[in-house]
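Me: I would like to go through the terms used for this model one by one, and to see each value set against its cut-off.

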Amino acid sequence: MTDVLFTIGENPPPRLDKALARNVPERAISRSRLSRMIAEGTVEVNGVVVTDQKARVQEGDDIVIRVPEAVKSHMLPEDIPLEVLFEDDDLIVVNKPAGMVVHPAPGTPSGTLVNALLAHCGENLSGVGGMRRPGIVHRIDKDTSGLLVVAKSDAAHQGLADQFLDHSIERLYTAVCFGVPSAGDPRLMGLAGTSFEAGNQLKITTQLARHKTDRQRQAVVLQNGKHAVTRVRVIQELAGGAAAVVECKLETGRTHQIRVHMSYAGHALLGDQTYSRKRKLAGEYTEQVAAFPRQALHAGFLGFKHPITGRALRYTSPLPADMQGLIALLSV
């Protein structure tokens, strides 16, 4: 148990929870955790335990927060190599390879990014939600490669989650799709939720929800789904227009969002066994493309503000060798 002691500053917010969130000097305590700790009776105001987060406080009130030590996670650390682009006491940015699952689940209890982070960070994890574990604020699919930011402290987890919620985090993906999205395609112009912006940039705005009959898939729905927006820009035409390299910008971050939206638009990703409906490139590329082992999707750019320091951070990841080879094959 660690005691955090401080005094409420001038012109405090009227509620205890908001005043603590503003003044607490221990950056590893998030707003949500502070609210729980008040309810659990671990906060004293002028020597008296207060459990009402709406209790009023005044400038000069003495605060004691009794913070329990973070407990170890039930997930096990595993010595798995990681490509780390940035790391400090609050967060870590990693370049995930294709084939690695982000978080343990019943089908994949080990060998995940979380297992690797538990080993890599060790005692440097100050704890998220009272548990010594990495804070996963976003995920990319097992067979998608690229950049992820992970919180190492409770406050960083809260701050990153807020940025994802208000869509201020920048995420750009590179993909290889069937066909070439174009404003000249009358089918796309007549498809609900699709439009074109300046520079022939395709904008897809729909709702997404779990597929009615296949629980492993997501689907575009007209109502009762989650708002999703993807912007798509053509980078390079391939195979005589039978395919293209595209840049996908996420405004929202729903499960399988790019893969579902590209399939909905008629431009499913090469190698996507879930959403490509077994499409094939005709002619000389058929066998090589059919042998590509994953969806051709890479999270290549990630930009955000450091949740503690406010510093602007920008990271890029080059295309992995398998996607470079696929593009080179189709560029001939």
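Me: Which residue does UniProt list for "active site"?

Reply: The UniProt record, an unreviewed entry, lists Asp141 under that heading; feature names are shortened, positions follow the numbering used here, and annotations may be inferred rather than shown by experiment. Residues are numbered from 1 along each chain as its sequence is written. The model is predicted, with local features needing pLDDT of at least 70 and side-chain atom pairs counting only at pLDDT 80 or more, while totals for chains, interfaces and linings use all residues, and side-chain values use heavy atoms, with hydrogens and water left out.

Me: Where is Asp141 found, and with which residues is Asp141 in contact, leaving aside its neighbours within four places in sequence?

Reply: Asp141 sits in the loop between strand S9 (135–136) and strand S10 (145–151), where helices (H or I, at least four residues) and strands (E, at least two) are DSSP runs numbered from the N terminus. Contact means heavy atoms within 4.5 Å, and by that criterion, with neighbours within four places in sequence set aside, Asp141 touches Lys96, His256, Arg259 and Gln295.

Me: Why is Ala239 called buried?

Reply: Ala239 has a relative accessible area of 17%, and buried means under 20%, exposed over 50% and partly exposed in between, with a 1.4 Å probe and protein chains only; Ala239 is therefore buried. This residue lies in the loop between strand S15 (226–238) and strand S16 (243–250), and, neighbours within four places in sequence aside, Ala239 is in contact with Tyr285 and Leu330.

Me: What makes H1 oblique to H2?

Reply: The axes of H1 and H2 come within 10 Å and cross at roughly 130 degrees, an axis being a line fitted to C-alpha atoms, for helices over the stretch in contact, with angles running from 0 to 180 degrees between N-to-C directions. Angles under 35 degrees count as roughly parallel, over 145 as roughly antiparallel, 65 to 115 as roughly perpendicular and the rest as oblique, so H1 is oblique to H2.

Me: Which residues of H1 and H2 meet?

Reply: Leu16, Asp17, Leu20 and Ala21 in H1 meet Arg31, Leu34, Ser35 and Ile38 in H2.

Me: Which residues of H2 are buried, and against what do the buried residues pack?

Reply: In helix H2 (residues 31–39), Arg33, Leu34, Ser35, Met37 and Ile38 are buried. The buried residues of H2 pack against helix H1 (16–23), strand S2 (43–45), strand S4 (62–67) and helix H4 (154–165).
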